[in-house]
Every structure is written in C-alpha cells, then in structure tokens.
Amino acid sequence: MANRKQTITLGIALAVAVLAAVASAAWIAVLLFVLAAFLIAWSLEPKRTEAFVGRLPYGNYLLKALAKLDSMLSDRS
C-alpha cells in the first residue's frame, strides 16, 4: 500500500475541496466526501476496508480500482 501518510493527506485534501464546493453542487460534494472518508479508512485499516469492499456488489472491480490507485500513489513517492 502507498505511504499511509500520503493516503491520509490525499483524503484530507479531498475533504477540504469538498467542503469548499458544498455551496455549488451538493451531490458532487457528497460523493467526493464519501471518497475522502473511504481513502482515510483505507489508509488506517487496509485489510478490513478491502474485505468490506470485496463483499459489495461489483467489489472485484472496486478492488482492481484500489490496486490501480495504490500504484499511482506509490509512484508519487
């Protein structure tokens, strides 16, 4: 997994961007805020988060996207 600090930082930055955008498009803000919370949870408890995602419908596609995101974050360091 990418550096834990980088993933948390990305999640917090996304949350701040969402809070800035709340006034203009609420539904986009909610989706981005959920993504930010997910990134923070994934960084704190990666195995439990991946197990939860794996149980969701289309979880295998989401896990592939997580792997791709992880590789992109790992390349940044």
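Colleague: Where does tyrosine 58 lie?

Modeller: In this predicted model, tyrosine 58 lies in the loop between helix H3 (46-55) and helix H4 (59-76). Its phi is near 60 degrees, a positive value in a residue other than glycine.

Colleague: Why is tyrosine 58 called exposed?

Modeller: The relative accessibility of tyrosine 58 is 64%. The term exposed requires a value over 50%, so tyrosine 58 counts as exposed.

Colleague: What makes serine 43 buried?

Modeller: Serine 43, which belongs to helix H2 (residues 26-44), has a relative accessible area of 3%. Buried means under 20%, and therefore serine 43 is buried.

Colleague: What does the side chain of serine 43 reach?

Modeller: The side chain of serine 43 reaches the backbone oxygen of arginine 4 at 3.4 Å.

Colleague: Which residues lie nearest the centre of the largest pocket?

Modeller: Phe38, Val53, Leu56, Leu62 and Leu66 lie nearest its centre, among the 13 residues of the lining. The elements that each give two or more residues to this lining are H2, H3 and H4; the largest share, five residues, comes from H3. The space in the largest pocket is about 320 Å³.

Colleague: How do the lining residues of the largest pocket divide into nonpolar, polar and charged?

Modeller: Ten residues of the lining are nonpolar, one is polar and two are charged. Val, Leu and Phe count as nonpolar, so Phe38, Val53, Leu56, Leu62 and Leu66 are nonpolar residues.

Notes
Residues numbered from 1 in each chain as written. Predicted model: local features only at pLDDT ≥ 70, side-chain atom pairs only at ≥ 80, totals over all residues. Heavy atoms only, no water. Helix = DSSP H or I, 4+ residues; strand = E, 2+ residues; numbered from the N terminus. Buried < 20%, exposed > 50% of the residue type's maximum accessible area, 1.4 Å probe, protein only. Polar contact = N/O pair within 3.5 Å; in protein donor to acceptor, adjacent residues only side chain to side chain. 1 Å grid on protein atoms, 1.4 Å probe; cavity = no way out; pocket = protein on both sides within 12 Å on 5 of 7 lines; lining within 4 Å. Points joined across faces, edges and corners; volume = space filled by probe spheres on them.
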